There are 2 protein chains.
Amino acid sequence: MNDNNVSNHSRREFIASVSSVLGAISFMPQSSSAGIDFKVPVAKMTIKQVIDLILTTIPGAPFKETVDTIKSGDERQEVKGIVTTMFATADVIQRTAALGANFIIAHEPTFYNHRDETTWLDNDQVFQFKNDLLKKNGIVVWRFHDYWHTHRPDGVLMGVLTKLGWQNYYNAENPRMVVLPAMTLADVMKHAKKSLGIRQVRFIGDPKQQCKRIALMPGAAGGRSQIQALQAEKPDVLIVGEVAEWETAEYIRDAQSMKLPMSLIVLGHAESEEPGMEWLVSWLQPKVPDIKVTNVPSHYPFKEA
Amino acid sequence: MNDNNVSNHSRREFIASVSSVLGAISFMPQSSSAGIDFKVPVAKMTIKQVIDLILTTIPGAPFKETVDTIKSGDERQEVKGIVTTMFATADVIQRTAALGANFIIAHEPTFYNHRDETTWLDNDQVFQFKNDLLKKNGIVVWRFHDYWHTHRPDGVLMGVLTKLGWQNYYNAENPRMVVLPAMTLADVMKHAKKSLGIRQVRFIGDPKQQCKRIALMPGAAGGRSQIQALQAEKPDVLIVGEVAEWETAEYIRDAQSMKLPMSLIVLGHAESEEPGMEWLVSWLQPKVPDIKVTNVPSHYPFKEA
C-alpha cells in the first residue's frame, strides 16, 4: 500500500478498475514522496479483492473445478504486498516476509501434489515446517495456474515469448506455434539459455537441424497434450518445461529414427514458466498501483554432476 | 533356439521347469557345437509359453489388472530369440531383427503412454512407422513391468543393486533401503555414474553431505510414493530414475531449507532401470537354455547443451 510514486493517472485507473469489483473503498492518509503532507485517497484492498479483480479478466471465471485455490492463510486480510513466483518454496516465503508482503501468487502447487491435498502430509515434518512458516508470517498463498493459462494471451506463454524476445511472433490464432526465421537447433538452444537465464537444457535431435516452426509449450502439459501438438503442428522443434521420459521423449526418439526433422528441448519446469510470473508483475501492477508487486523467482532446484 | 553350448544339466532343468507349464513339448534335430550330428531333444516353445513360464515365478500372477500385456504380434508363434530392454524403441526393434530374435520383453510402454492406448495414435505417422516395423519383422512385444517389480526380489531393484555392486546390502525386509558405510553425496554420485554408465546425474543437496542410509527407487514411482518413502525412511539420500519436478523435487528443496540432511539424485528413467532388464537375462537364460536371451539397452535419449 506504500508506493508513493504512483501517478494520479494510474491511481485513477486503479480506482476505476477496482470500483467494479469492490463493494466499498476505504481511504487512508498518505504522504507524498516530496514529504508534503496532504490527503490522497488510497484504497485498502483485501487479498480476496485482488483475486476477484484478477478474475474479472479471465474468460469464464470463476471456474467450478480448478486447482487455483487458497493454499494457506485468510484472504480477507488487507494486502500489504504481492509476490509472484513459480513455486512458493520455503525460501520464497522467507523472502516474501522480508519484503513485508503477505500475498504470494504461485503458479505451481505449494504442497508437492497437483491438488495440494494435505491429509497425507499431516504428520510430515517438511509440510509442518512450511505450513508454520506461512502461518508465522501471516502469508496467504493463492495458486494462479488454470486462470493464468486461460487468460488471452496465456500469461505464461506471453511471459516466455517476451523474455525470449519473440513476442512479435505471437499468433493469437495458434498461440503455441512460433514461426521464426530459420536457425539451427543449436542456436535455438543457445538463445533460449541466454535469454531465459538457464544453465543447461536437455535435448533430443541434431544440433545442426534447421528450425523455423517452433511449438512452445512451457510447463509440463503431459505426454498426450505434447504429442498431440506434435501430430497437429509437425513442428521442427518442441520446446517444453518438463516431460515424462516414457511419453514425449520416446515419441521424439522414434520420430528421429524415421528421420523426421522433429526435435525436443526440455528447459526445466520452473525455468520455463517463471517468465510468466515475471510478466504477471507488469500486467498486475497497473491494476493495483498502491500495492507493490514483486517477482521472486524460485529458480531451477537441480544441479548437475 | 540355437545355443548349442547349453549343458545337459541346465537343459534338464529347463525341460523339468517348462514341463509344468507346457501342454506338449516337441523335438527337433540339433547339431552339437563339435559338429558331430546326433539327435538331442530340444523343446520348441511359443512366446506365450515363455511368458507363462515367467509368470509361474511371480507371486499372485496372473494379475487381473496389469499393463503387462502383449503390445504387438502373435504370441502363439515359436520363439526364435528373446531381447530384454527398457524401451522397445525403433532402434531396439531393428537390432532385435538383426539378431534373428522375435520376442522383445520391454519394461516400459511401447506407444508413449502407460496403458499403451493406441486409438488416439491411429493416424499418427510415428506410431505407424513403429507398428509397421514390428509387423514387418514379426516381432512380439510384451511388457514386463508390474510382474517384474512383484517378483521377489524385485527384478529391477536387484539388477540395479547388482550393477552398483551393492547386492550384498539387499534387505528383503525393507528392499528399498540400502545401508552402506558412510560416503559423501559426491562419492555416491560418482560411484552411481561409473557403475551404471551414466554421463550425468541431476541432484539437490550438498555434495559434501555424509550418506549412509540410501533409499533406492529406480524408475518413476510417482511423487506420492517417493515422498512417502522419504517420510517413512528419512534416508540421507533418495536415488530415483525420474521425478515430476513439482512433487519430489520441491519436497526435497523445502527439506533442505529446514536443514534436513535429505538429498535427491535423479539418474534418468531409462538408465535407472535398464540394469533390471540386463539382470533379467541372467535370471531367464537358465530357464530357457535353448533360446538366446540378449539385453539390448535402449539408453538415455537426451543430450545436454
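In helix α7 of chain A, which belongs to a predicted model, the residues Leu185(A), Val188(A), Met189(A), Ala192(A), Ser195(A) and Leu196(A) are buried. These residues lie on the same side of α7(A), because they cover an arc of only 150° around the axis. On the face of α7(A) that is turned away from the buried side, the exposed residues Lys190(A) and Lys194(A) are found. The helix itself runs over residues 185-196, twelve residues in all, and spans 16 Å from its first C-alpha to its last, close to the 16 Å expected at 1.5 Å a residue. Just after α7(A) comes Gly197(A), which takes a positive phi of about 70°.

Ile265(A) touches Leu185(A), Val188(A) and Met189(A), and its other contacts, not counting residues up to four places away in sequence, include Val201(A), Phe203(A), Val237(A) and Ile239(A). The largest nonpolar core has 51 residues, and within this core Ile265(A) is one of the four that touch the most other members, together with Ile82(A), Phe103(A) and Ile105(A). There is also a second, separate core of 48 residues, among them Val178(B), Val281(B), Leu284(B) and Ile291(B).

Seen as a whole, chain A has ten helices and 13 strands, and 56% of its 305 residues count as buried. Among the contacts in chain A between residues at least 6 apart in sequence, 69% join residues that are at least 24 apart.

How are the two chains placed relative to each other? The same surface serves both copies, since 100% of the contact residues of chain B recur in chain A.

The model scores ipTM 0.87 and pTM 0.87, while chain A has a mean pLDDT of 90, with 86% of its residues reaching 70 or more. Over residues 1-35 of chain A, however, pLDDT stays under 50, although the model has 67 contacts beyond four places in sequence for this stretch. Where pLDDT is low, the predicted coordinates should not be read in detail.

Key. Residues are numbered from 1 along each chain as its sequence is written. Chains are lettered from A and ligands numbered from 1 in the order in which they are written. This is a predicted model: local features need pLDDT of at least 70, side-chain atom pairs count only at pLDDT 80 or more; totals for chains, interfaces and linings use all residues. Side-chain values use heavy atoms; hydrogens and water are left out. A nonpolar core is a set of buried Ala, Val, Leu, Ile, Met, Phe, Trp, Tyr and Cys residues joined through side-chain atoms within 4.5 Å. Buried means under 20% relative accessible area, exposed over 50%, partly exposed in between (1.4 Å probe, protein chains only). Contact means heavy atoms within 4.5 Å. Helices (H or I, at least four residues) and strands (E, at least two) are DSSP runs, numbered from the N terminus. The expected span of a helix is 1.5 Å times one less than its number of residues. The arc is that of the directions from the helix axis to the C-beta atoms. pLDDT is the predictor's confidence in each residue, from 0 to 100.
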